[in-house]
Structure formats: structure tokens, C-alpha cells
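Me: I am new to this structure. Please take me through some of its terms.

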Amino acid sequence: MTALLTIIVLVFILVAIWQMVKIFDLAQAKNENSQVATDKDNAMNGYLMMGFLAFIYIITIVSFVKWGDLPLVSNSASEHGPTIDNLMIISMIIIFFVQTVTQFLLHYFAYKYKGEKGKKALFFADNNKLEAIWTIIPVIVLAGLIIYGLNTWINIMGVDESDDPLIVELYAQQFNWKARYGGTDNTLGKANVRLIDIDRANILGLDESDPNAQDDIITTELHLPVGRPVLFKMRSQDVLHSAYMPHFRAQMNCVPGMITQFGFTPTVTTADMRQTPQMQEKIQNINNIRVEKSKKLMAEGEDALERYEFDYLLLCNKICGKSHYNMQMKIVVETQEEYDAWIAEQKEFKNSLVN
Amino acid sequence: MSAHADTNAHDDHGHHHKETFVTKYIFSQDHKMIAKQYLITATILGVVAVIISMMMRMQLAWPEEPNVIFEALLGKWAPDGVMDADIYLALVTIHGTLMVFFVLTGGLSGTFSNLLIPLQIGARDMASGFLNMISYWLFFTSSVIMIISLFVEAGPAAAGWTIYPPLSALPMAQGGSGMGMTLWLVSMAIFIASSLLGSLNYIVTVINLRTKGMSMTRLPLTIWAFFVTAIIGVISFPVLLSAALLLIMDRSFGTSFFLSDIFIQGEVLHYQGGSPVLFEHLFWFLGHPEVYIVLLPALGITSEVIATNSRKPIFGYRAMIASILAIAFLSTIVWGHHMFISGMNPFLGSVFTFTTLLIAIPSAVKAFNYITTLWKGNLQMNPAMLFSIGLVSTFITGGLTGIILGDSALDINVHDTYFVVAHFHLVMGISALYGMFAGIYHWYPKMFGRMLNKNLGYVHFWVTAITAYGVFFPMHFIGMAGLPRRYYTNSNFPLFDDLANVNVVITIFAIIGGAFQLVFLWNFFRSMFYGNKAEQNPWKSNTLEWTTPVKHIHGNWPGEIPHVYRWPYDYSKPGHDVDFVPQNIPLKDGEEELQH
């Protein structure tokens, strides 16, 4: 159906182009050899420039109204999240200010100074003062942004081992994620993909002789206790992947042959996040869309879509092959008690091996 | 130095000796013909790349729905008209490769450096016509190989245009990493050879063959841009070549430059001790300067077109040169901003944030200078002028979001999302494309001796301008919602269901915009034969190319090469009756050459 629609649209566009070409050709025949802009052209395009300026402003406003809930500059769920969000908002304010002013000047000048026969332009080749001004202003603004940005960056990337972070390994493979917890000693056992033994169900290549590895716990869901710093150690067994956790403002590549790391402290449990008004509205909106889609699907004899409930997600964000688009893992942030109960149910590595 | 020009008399090049069809149109050594060969080759590849992007957009708007266009164009890759996930990644890869390298590097620099360097500096031809011919034919060969790779049994390269190993190195990781990737690498190696030969030629020509009086500070800004672009190319392309060669070694000869500790499809591979991060460094050492290799020629063209059509000198000529040089220098020390979260030391991230944000300064200077050039001008709204103004507009919109992406702390969260896609398409894709269009509309009379139809040009510009914003502006918002790029469909994430309608809006704009490029193609090919005959200097421009006869001759000028007495931007200079004074007009008595 859509395909047919697409083709119809394409055909109409082609017809439109063909018609327009014909009209222009006919119009051309009268005043030959004027492929250089005339005063009339200048005037028309000058007005269109103002129209285009309006279009830019309108599309900006419409985009903000329709899609501007900007889930990534609010409702962060990690301790460092708000600092990134603040920096983002400051940068955006600067950007929109500069964008609005410069686009106005550009298009307004294009309209105001549209060419007329007999008019002479101002011979104005240079002005050191002006140039100094628009060199120095960006320097000052950028210096501020750089200082703020670097401060934020260093705070985020610096790992403080002293506040006893929960150590979790994120293990990537085509096309799924595993999480490995250090167990009671909170220490990950040694591992290398060369030690993978599928027959013994040693799927992450843990060193079976390492005492630290014995109590490691491997899971397919990532559970995190709220309020406790987590330090992720990332590994990949095959190609590059990227562990992207947008709600926590966290991302780090997983690189075969090396261990990368990223740390953050989750601050909002999944249950609490579901209750925030902003999230409720988003979920409601998504579910309305899904209900509409389901109606269509059911009419075609297919199953309806499930109702959506919010969960934090870990997504793969580095192209990794065919099913890259579906490489995800659910993240659950919960209270310490819930987390303790969950982790107690999981199998330790030494008990998960098959002999 | 400039005295050399006359020793390079046109008799050497001999427009007397007989030309056959082959020497004139195929194995031509004439820079003007080579420019046209580049342009037409790039146009054809551009059409392929646009069709590919249309298919990607349709897939994203209506995921996994049968589409007869897919069925017709993709064949076995779209059983029953539903696009396969593998081929989607291949389309992404080939679209990027064709656009970045073949259209906007080969096509843009190849066309306009070749056409304009000899004409604007007053030279009979390139320093080496033979190398120039080889350069084009290597470009042609690499294009053919790239196109052939589309028809490989297991699929074309599909690891993204950045071809990060191990994905690109292991055929078992992805169908496209077999023969498709081999052809991709071979094609790129040949392309780089072509680009290096071209760049060396441009550099040597600009340094040695300027006509009498054409000092470096009287060069048009186009030439400055092409010159600096060529220098960046010579510095950075060899690094990509080395990365490609090392990758070929890893793939075919068992070395471990980029690979280590890999377990895939049930077996451990022998690779040990290499690092994919090393490849990222090598790739982006070219990859980032590449952005400016694409953009600077477009900015150069814009400078010339805006000045000519504003009937005003370009504002801040020296500042423009300084900012080109500053951008060129900085571009070679910012590559790490593509790798903030690659696992490299966070301290390096700080350094690259610093250098990256510095680039905003020369860029801002350029933007403000363009705007000031328009101020109190007498703007002639030719299609080339519209595209130049459009370039400044998209350059600002796209460039500004670079402040977010270049900031390592913010990049954590928008890295590899659609925010990036929106940013680079506006700032280098659309901007460079506008520069290319501006160049084509402006120098078409010089290339083909005929005029393009201006009304079709207007239609082409306005529809393109509106649809380009319509495509890439909303895209920022799906990026900020956390949607990763290079996803075949988003339907596995209900979280993004509310963005589906944005994708439809974007796709509709894209289809309209893509379809209206037909207006350009029609105009372009039709005008070659039926366009109005061009005058010698239709835009009343100051630069030397407009002193050559409309009909192309070997050696460019029938008589002596004109001497140059002034800078190229004496538009509306007080004390002259006409509003332009070409560079070859001597100073009047008592007239001062401006201390520009």
C-alpha cells in the first residue's frame, strides 16, 4: 500500500516537473538570452529569501513543539546526568541565539540589498575592528564552553575506586549483551575469549582456575541498586560494539582485545521513573500510537502489539552487523533489597558449568 | 616565479597538432576536458548515491513493508519487496562512500580545481597534463570497481563508510566483509592514488605557473581554497592508504595490526596483540581533514560567487585566507573527537575537545565575513548566488551543532545518534553540495560555452533548500531522543515509537528533494546542446578565466597570457565607471591598489 502510494507520489512529482519545465520553456521563448538575473528575478528571489527565513523559524518552532520533549536533556537517571543536561541546555541556548540572529542577518541582507540596475554597491573591503569583534566574541564564548565542558568530562570519566563501586562487566557479542557481576567479593575473575568453552557452558571465557571467578554471576538482564556507584568494565568477543545507556547519559565502546570502562551512579529506580509525569505522558502517547497500529495489524489478521511499559535500555550503538538494530538489554534499577533478592536467585559461575 | 608563465607558451601544448576523438574526449590531457570528465562521472555516481539514500529513507519511514521499488532495484536482497537487514547496512556504507569520496572529493575538487586553477592563475594548463589524465583515469577505475562491488554475490561492503575492523576484517562477521570489502579497499586504494596525483599537480601548478603579477595575495579565494585543500589531501590521504593496506594484510595475510582475541562463530581466531582503536586513529587522521577537503573548495567557490554577485569585494580577504589556513591546520589535530568513547584515554578526549572547539573561531569569522559581504551590496540573484547564500545558511545551522558534538561531555550521549547524522549532513554534505551546485551554475558557461536555464535553476534551488531543511532539521530531534543511527528499523524499540511519524515527515521531504534533482539533471544535460550561447563574461566577473575565449582552445589564451595588476575583488570600486575591474586592467594613474 505504502509502496503504491510512494510510486503515485513519485509519478505526480515527475509530471509536475515536466509541466514546470514546459511552462518555463514557453516563458523563455519571448525574452531570449536572459539567463542572467534581471531586476525582476532579484526582487522575486529577495522576497523568497524572507519567506525562507520564515520557513526556518517555523520549522524550528514546529519541531520544538512536536518533538521537543527532548528526553535526553531532562529526566536523567544518573548522578552526573544533570550536569550534562545543564551543559546541553546552555549550549543549545547559545546555538539558538546565534542561529536566529545570523540567519536573520543573512536572509534579511539578501532581501534588503537585492540588486537593481543603476545601483552601486558599497566598496567595503576591510574593517579590522569588526573582524576583531567577531573573532574575540566566539573566543570568549568558546573558552567558557570549553572550561565548563572539560570540567564535566573529567568529573564523569574520573573513576573514584574509593567509594566502593559495584563492579559489573558488560559483555558484547553479535547480537546480544551479557552482564557479569563479581559476586560476594565484588571482584571479577580473569577472563579471555580464548578460554571460551561452549561445551562446558563457559560462554564468557572465564578462567576456571581463578578463585575470583568462582562466585561470578552471569545474567542477561542488568540489575542495578539505586544510589550505589557502578563501574562497568566492557568487553567484546567479536567486533566493535558500543554500550549506550541514554537515560543514564552513559556510553562506551566495547573493543575486542581490550577492556574499557565507564562509571555512573543510578539515581532513579525503574518504578519511580515510570511514575514521573513526563514519562507517564510519553508512555501514554506511545501506547496510543501502538493501539492505532494494532488496529491495522488486526485487520490484516496479525497479532496486536503489546502494551508498552517503560524500561531503561542498553542499546548497541556501533554498527556490528546484520542484527545491530536489535541488540539490546533491559536495565532494571531497583532498591538495594530488591537487588539483593534478585542477585541471590542467580547462579554462580562454578555452579553453571557443565561437566 | 610568476615569470614562468610566459615560458610555458602555448606552442608547446600545440593547438596546431591534430586531435582525434580519443585524444580530445577520452585520453585528454587538457585540464578543461578533464574537469568535465570528473564532473560527469561524479554526477552519475551522485545519482546512484541519491537513489540509495531514497531507498534507505523509505525503509526507515515504512520499515519492513513490501515496496516494489526495493523489489525492482535490490532483487534478491528484497525478497517479496521487503528489504533485507544486511543490504540496509550495505546501502548506508555505499551511500557514504560514494558521497564523501567520489562525489564531494573527486567530483568537487576534481572538477573545479582542474577547471579553475590554470584559468584563474593564468596558466596554459596544469603543471603535468599527463599526470592529470592518469589521475582522472585512476578515479574512473576506482569508481568502476566500487560500482562492480555492488553486484558481489555476498553483498557489497556493509561496515559503514568508516569500515572499522574487526567487522570489516572478518568475512564471518558479515556477508559484506568478504569480496565486497576487498573490492571496496582496492577501489579506495586506487582512489587515493588518484587524489594524491591530482593534489600534487594542483600544488605545483599554483606555486609555479602563476602569470606575471599574480602574487599569492592577488589569488582569488577559490584558488586559495583549492591550494590548501590539496595540501591537506597530500598530508592526510596517505595515512588512510596505510590503514587500508594494513587492513588488507590483516584480512588476507594473517597479520594482527587491528585484531586481537576474537571468538566468532564458535571458534577462536589466531589474531593477537592488535587494536581496532589504532585503526580508528589512522582512519580519522584522514577522516576529519576529509571533512575540510570536502568543505573548503565549496567555501572557496562561495567566496568567489558571493563577491561577484554582490558586486562588492569579499569582506576581509586576508582574514578569509587566514581562516582557511587556520582551519586546515586545526583539521589535522582534531581527529580524536570522533573517538571520545572509543576507549582511548579520557585525557586525550580533553585535548581533542579543546582543539575541536577552536575550529569554531575561524569558521565563525568566515560566516560573518560572508554576511558582511552581502551588506550594502547590489545582489544579483543568479542561481549560483542562491546556492552560495544557501551554503552559508546550512554551514551556520550545521556548524553550530558541532559545538555540542565537539564537546566530549555532551558527545557521550549523542555520539552515533541521528543528531550526528543531521549535523554532518548539513555542515559538510548539503553545504558542500550547494558549493558544487553554485560552482556548476557559475562556471557552466565557461565549461560548456552555453548558459544553464535560470528559471529551472530557481526551481531547483528553492525546492532543494526547503527539502534539505525539512530532512535534516527534524533529524536533530530524533537524535536527541537517543535514536542510534545505522538501525535497519526502530520497531524493536517501542521506546522510539513516538518518533515514527518524524521519520515519515523526513522521508517525504527527502523524496521530493531527491525527485527535484531531476530538474537539475535535465537542465544540465539539455543546456549542453540547447542552452543559450554564453557571452565571454556573463557575470561581469574580475577573474582571469573570463578573459579566455568562449570556445575552448588548448593553452587557454590565443595570444599572450594576460598580466595581473590588481586583486580579484575590485567590484564597485570608486573612481571607475563600471562596477567591475578585471584583474588584467592596469591601475589608473594615481589609483591605489587597496591594502586589502
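Me: What is the strand order in the open sheet of 5 strands in chain A?

Reply: The order is S3-S2-S1-S5-S8, with mixed pairing. Strands are DSSP runs (E, at least two residues; helices are H or I, at least four), numbered from the N terminus. This is a predicted model: local features need pLDDT of at least 70, side-chain atom pairs count only at pLDDT 80 or more, and totals for chains, interfaces and linings use all residues. Residues are numbered from 1 along each chain as its sequence is written, while chains are lettered from A and ligands numbered from 1 in the order in which they are written.

Me: What makes S1 and S2 of chain A a pair?

Reply: Two strands pair if DSSP finds at least two bridges between them. S1 (residues 166-173) and S2 (residues 176-181) of chain A have 6 bridges and run antiparallel. In S2(A), A:Trp177 is the bridge partner of A:Ala172.

Me: Why does A:Ile331 count as buried?

Reply: Buried means 20 or more other C-beta atoms within 10 Å (exposed is 12 or fewer, partly exposed in between), with C-beta atoms placed from the backbone. A:Ile331 has 21 such neighbours, so A:Ile331 counts as buried. A:Ile331 lies in strand S10 (residues 328-334) of chain A.

Me: Why are H18(B) and H19(B) called roughly antiparallel?

Reply: Angles run from 0 to 180 degrees between N-to-C directions, with axes fitted to C-alpha atoms, for helices over the stretch in contact. The axes of H18 (residues 454-480) and H19 (residues 500-530) of chain B cross at roughly 155 degrees. H18(B) and H19(B) are therefore roughly antiparallel.

Notes
Angles under 35 degrees count as roughly parallel, over 145 as roughly antiparallel, 65 to 115 as roughly perpendicular and the rest as oblique.
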